[in-house]
There are 2 protein chains.
Amino acid sequence: MRDKTSEKRHSLRQKIIDLAQVQIANFGLSSLRARDLSKEAGCALGSLYNMFEDIDALVLEVNARTLIAIDEKMDVAVANIPQASKQLKALAHAYLSFARANPLSWRALFEHHLPDEIELPEWYSESLNHLMARITQPLAVLRVDYSAEVLAKRARTLFAAVHGVVSISLDNRFVGLASEALDSELDRFVDVLLIGSQHQ
Amino acid sequence: MRDKTSEKRHSLRQKIIDLAQVQIANFGLSSLRARDLSKEAGCALGSLYNMFEDIDALVLEVNARTLIAIDEKMDVAVANIPQASKQLKALAHAYLSFARANPLSWRALFEHHLPDEIELPEWYSESLNHLMARITQPLAVLRVDYSAEVLAKRARTLFAAVHGVVSISLDNRFVGLASEALDSELDRFVDVLLIGSQHQ
DNA sequence: TACAATTTTGAACGCAGTTCAAAATAAATA
DNA sequence: TATTTATTTTGAACTGCGTTCAAAATTGTA
């Protein structure tokens with residue numbers, strides 16, 4: 001009967017992650033409540049803390065899924081594109097497109113901060129690295145002169161820049177670019193980066 | 001005696017903003033506590049809510065000061081630089097330098113989110129616009145062909161990109177660029193943007 | 001000085017994450 | 001199968017926080 005028990009545990013755990021994911025997607029990270037989740041999952045409040053160290057740990061699970069979802073979109077985006085520069089553009093647009101389609105899940109990735117001293121779990125960092133590798137690949141083709149080390153730096157800088165543009169545009173703190181304008185602005189931006197990098 | 005009262009009110013208000021500013025600078029936005037502040041300020045808990053609508057309003061005051069401080073650093077940074085492209089680089093470095101010197105205050109600017117529906121007060125938006133104008137100015141010199149509208153878009157995109165690079169580098173979520181490497185990486189990055197923009 | 005208006009106060013409220021002793025359930029043993 | 005032991009689940013209770021508001025203190029006025 002051990003299987004039955006641990007199976008139930010596992011399926012409840014998944015159910016809770018599912019529910020948290022939906023909640024974050026629909027109402028944002030700040031709307032997540034331990035009590036709501038346990039009620040929806042049909043378990044006791046304390047059971048949540050049997051499944052997860054704390055709410056942060058649960059959020060990490062949801063964010064990991066978001067990272068995977070972004071990665072999958074990126075995978076599809078570059079699938080039939082042979083040219084490396086076009087691949088990079090496609091990646092940027094896929095990122096924007098995901099952020100637009102899933103703004104609250106996407107924002108949760110960056111809103112969520114672990115308390116100081118606490119490190120990200122390795123499996124989470126690996127997801128991040130995997131995402132970064134998506135960028136490294138086409139960049140390596142464009143800049144065969146880059147060492148692995150430089151390549152890694154440039155890939156992260158490139159990601160950071162695109163992320164910044166998407167981020168500030170979708171946050172409505174700064175008076176916004178109209179949403180339609182954002183596509184062409186991002187397109188042009190990646191062009192500028194590529195051209196600049198080539199002429200450097 | 002009316003003057004005495006409103007003067008005291010005003011100085012208590014300033015004192016509370018001062019205290020909140022120090023607290024955020026030293027221990028981050030998430031360490032701010034209404035009870036701590038009132039204790040340190042030597043007033044009752046309720047008095048805080050006579051001075052500020054809520055804690056968000058207080059945070060906005062602190063963030064406004066941070067924006068002003070950034071603006072001042074930028075002002076100094078470009079003071080003796082005639083060349084527009086060098087000014088833009090100097091602005092980027094001033095931004096990085098401020099973020100590095102005041103990481104928690106700087107992070108509070110972006111960590112803090114008002115609840116949905118609630119708009120930023122106009123005086124705050126104006127500070128943001130003022131900061132943006134710092135970038136618009138040299139960019140206008142470099143690209144006299146830009147209309148005012150395009151100029152505004154490009155300035156914001158430029159800011160967003162630089163912010164993204166600084167942001168992701170200082171957040172320790174992504175495996176970090178060594179701090180020394182960041183300066184030269186940012187320098188090169190702005191070069192790429194400028195060169196790319198010129199050749200576009 | 002007596003009264004009215006204003007300001008300050010801090011106990012109390014609601015809500016949220018987290019804990020943990022007790023209850024329920026499952027496993028092991030006789 | 002009946003009994004004991006181990007494991008898991010439970011939810012009331014604890015703590016900490018932002019916020020409120022009736023009462024107290026203070027200030028202004030007649």
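Biologist: To get my bearings, how many helices and how many strands does the secondary structure of chain A come to? After that, please look closely at the contact: which elements of chain A give two or more residues to the side that touches chain B?

Modeller: Happy to! Please keep in mind that this is a predicted model. Chain A has nine helices and zero strands, and reading along its sequence gives the pattern α-α-α-α-α-α-α-α-α. Its C-alpha trace spans about 65 × 40 × 35 Å along the principal axes. Of the 200 residues in chain A, 32% count as buried. Taking the contacts between residues at least 6 apart in sequence, 62% join residues that are at least 24 apart.

Now to the part you asked about. The contact draws 26 residues from chain A and 26 residues from chain B. On the side of chain A that touches chain B, the elements giving two or more residues are α8 (148–170) and α9 (179–199). That side is made up of 13 nonpolar, eight polar and five charged residues.

How are the two chains placed relative to each other? Chain A is superposed on chain B by a rotation of 180°, with 0.0 Å of shift along the axis and an RMSD of 0.0 Å. The two copies are therefore related as by a two-fold rotation axis. The interface residues tell a matching story: 100% of those in chain A are also interface residues in chain B, so the copies meet through the same surface.

Let's look at α8 in the other copy. In chain B, helix α8 runs over residues 148–170 and has 23 residues. From its first C-alpha to its last it reaches 33 Å, close to the 33 Å expected at 1.5 Å a residue. α8(B) is mostly covered, with 17 of its 23 residues buried.

What lies behind α8 and α9 within chain A? One helix to follow is α5(A), whose buried residues pack against α8 and α9, and also against α4 (55–78), α6 (103–111) and α7 (122–142). Helix α5 covers residues 84–101 of chain A; its 18 residues reach 25 Å from first C-alpha to last, close to the 26 Å expected at 1.5 Å a residue. Among the buried residues of α5(A) are A:L88, A:L91, A:Y95 and A:F98, and the list also includes A:Q87 and A:K89. Here is a handy idea for looking at any such helix: an α-helix has 3.6 residues a turn, so residues three or four places apart point the same way.

A:K8 is in helix α1 (residues 2–27) of chain A, and A:K8 counts as exposed because 10 other C-beta atoms lie within 10 Å.

Another spot is A:E117, in the loop between α6 and α7 of chain A. A:E117 is exposed, having 5 C-beta neighbours inside 10 Å. Its phi is positive, about 70°, although A:E117 is not a glycine. In the other copy, B:E117 also has a positive phi, near 70°, and B:E117 is exposed with 5 other C-beta atoms within 10 Å.

How values were computed
Residues are numbered from 1 along each chain as its sequence is written. Chains are lettered from A and ligands numbered from 1 in the order in which they are written. This is a predicted model: local features need pLDDT of at least 70, side-chain atom pairs count only at pLDDT 80 or more; totals for chains, interfaces and linings use all residues. Two residues are in contact if their C-beta atoms, placed from the backbone, lie within 7 Å. Helices (H or I, at least four residues) and strands (E, at least two) are DSSP runs, numbered from the N terminus. Ala, Val, Leu, Ile, Met, Phe, Trp, Tyr, Cys and Pro count as nonpolar, Asp, Glu, Lys and Arg as charged, and the others, Gly among them, as polar. Copies are superposed by least squares on the C-alpha atoms of residues with pLDDT of at least 70 in both. The expected span of a helix is 1.5 Å times one less than its number of residues. A residue is buried if 20 or more other C-beta atoms lie within 10 Å of its own, exposed if 12 or fewer, and partly exposed in between; C-beta atoms are placed from the backbone.
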